[in-house]
Amino acid sequence: MPAYSKNILSASTNGRAILVAATSSPGTIIHTGPSSSSVFHEIWLYASNPDTTQRTLTIEWGGTTNPDDRTILYVPSQSGLTLVSPGLLLKGNASPLIIRAYADTASKITISGYVNEIA
């Protein structure tokens with residue numbers, strides 16, 4: 001039977017939100033995936049935008065290639081906990097895959113979430 005544990009994002013400090021400071025690729029690191037090929041990370045991400053202007057957020061999932069690794073979404077103004085990743089998976093790799101994010105304006109959006117590790 002697989003082992004399962006719930007963890008904070010690797011770039012989070014004690015579970016706190018991660019400020020998206022980057023405005024271009026490569027983005028701010030959000031989470032570094034596992035290094036073992038028998039481990040999966042199920043990743044849940046939420047964006048918050050307390051600013052008065054809608055912001056564009058780009059998520060780089062495991063790489064920085066456009067368009068293969070990028071997802072672009074709009075985070076409404078004065079919003080909190082907008083779903084960004086509904087439990088998408090990263091599989092372990094000898095060179096761990098990294099999730100990054102950048103926005104159209106620096107330091108306006110934060111990313112929160114958690115990781116379910118399945119081994």
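**Figure 1. Leu81, an exposed residue with positive phi.** Leu81 has a relative accessibility of 56%, so it counts as exposed. Here, relative accessible area is taken with a 1.4 Å probe and protein chains only; buried is under 20%, exposed is over 50%, and partly exposed lies in between. The model is predicted: local features need pLDDT of at least 70, side-chain atom pairs count only at pLDDT 80 or more, and totals for chains, interfaces and linings use all residues. Residues are numbered from 1 along each chain as its sequence is written, and side-chain values use heavy atoms, with hydrogens and water left out. Leu81 sits in strand β7. Strands are DSSP runs of E with at least two residues, and helices are runs of H or I with at least four; both are numbered from the N terminus. Phi of Leu81 is near 55 degrees, a positive value in a residue other than glycine. Most residues other than glycine have a negative phi.

**Figure 2. Gln78 in the loop between β6 and β7.** Phi of Gln78 is near 50 degrees, a positive value although the residue is not glycine. Gln78 counts as exposed because its relative accessibility is 60%.

**Figure 3. Asn49 and Asp51, two buried polar residues.** Asn49 belongs to strand β4. Its relative accessible area is 0%, so Asn49 is buried. Beyond four places in sequence, Asn49 touches Gln54, Arg55, Val75, Pro76, Ser77, Gln78, Ser79, Lys108 and Ile109. Contact means heavy atoms within 4.5 Å. With neighbours within four places in sequence left aside, Asp51 contacts Ser77, Gln78 and Lys108.

**Figure 4. Arg70 at strand β6.** Arg70 lies in β6, which covers residues 70-75. A relative accessibility of 23% makes Arg70 partly exposed. Which side chains does the side chain of Arg70 meet in polar contacts? One is Ser25, at 3.2 Å. Another is Glu60, at 3.5 Å. Leaving out neighbours within four places in sequence, the contacts of Arg70 also include Thr58, Ile59, Thr64, Thr65 and Tyr102. Arg70 and Ile111 are 41 residues apart in sequence; their C-alpha atoms are 16 Å apart.

**Figure 5. Arg100 on strand β8.** Arg100 is part of β8, residues 98-103. A polar atom of its side chain lies 3.3 Å from the backbone oxygen of Gly27. Beyond four places in sequence, Arg100 touches residues including Pro26, Thr28, Ile29, Ile30, Thr58 and Glu60. From Arg100 to Val39, the C-alpha distance is 20 Å over 61 residues of sequence.

**Figure 6. Two cis peptide bonds.** The bond from Ser25 to Pro26 is cis, with omega near -5 degrees. Pro26 is in the loop between β2 (18-19) and β3. Asn66 and Pro67 are also joined by a cis bond, with omega about 5 degrees. Pro67 is in the loop between β5 and β6. Most peptide bonds are trans.

**Figure 7. Strand pairing.** An open sheet of 4 strands runs in the order β3-β8-β5-β6, with antiparallel pairing. Two strands pair if DSSP finds at least two bridges between them. β3 (28-32) and β6 are the edge strands, each pairing on one side only. Neighbouring strands of this sheet are turned by 25 degrees against each other on average, direction ignored. Within the sheet, 5 bridges link β5 and β8; Trp61 has Ile99 in β8 as its bridge partner. Elsewhere, β4 pairs antiparallel with β7 over 9 bridges, and Glu42 stands opposite Leu89 in β7. β4 also pairs antiparallel with β9 over 9 bridges. There, Phe40 faces Ile118 in β9.

**Figure 8. The largest nonpolar core.** This core has 20 residues. A nonpolar core is a set of buried Ala, Val, Leu, Ile, Met, Phe, Trp, Tyr and Cys residues joined through side-chain atoms within 4.5 Å. Ile30, Ile43, Leu45, Leu57, Ile59 and Ile99 have the most contacts inside the core. β4, β5, β6, β7 (79-91), β8 and β9 (110-118) each supply at least two of its residues. Beyond four places in sequence, Leu57 has contacts that include Val20, Ala47, Ile72, Val84, Ala101, Ile109 and Ile111.

Definitions and conventions. A polar contact is a pair of N or O atoms within 3.5 Å; within protein, one must be able to donate a hydrogen and the other to accept it, and residues adjacent in sequence count only if both atoms are side-chain atoms. Axes are lines fitted to C-alpha atoms, for helices over the stretch in contact, and angles run from 0 to 180 degrees between N-to-C directions.
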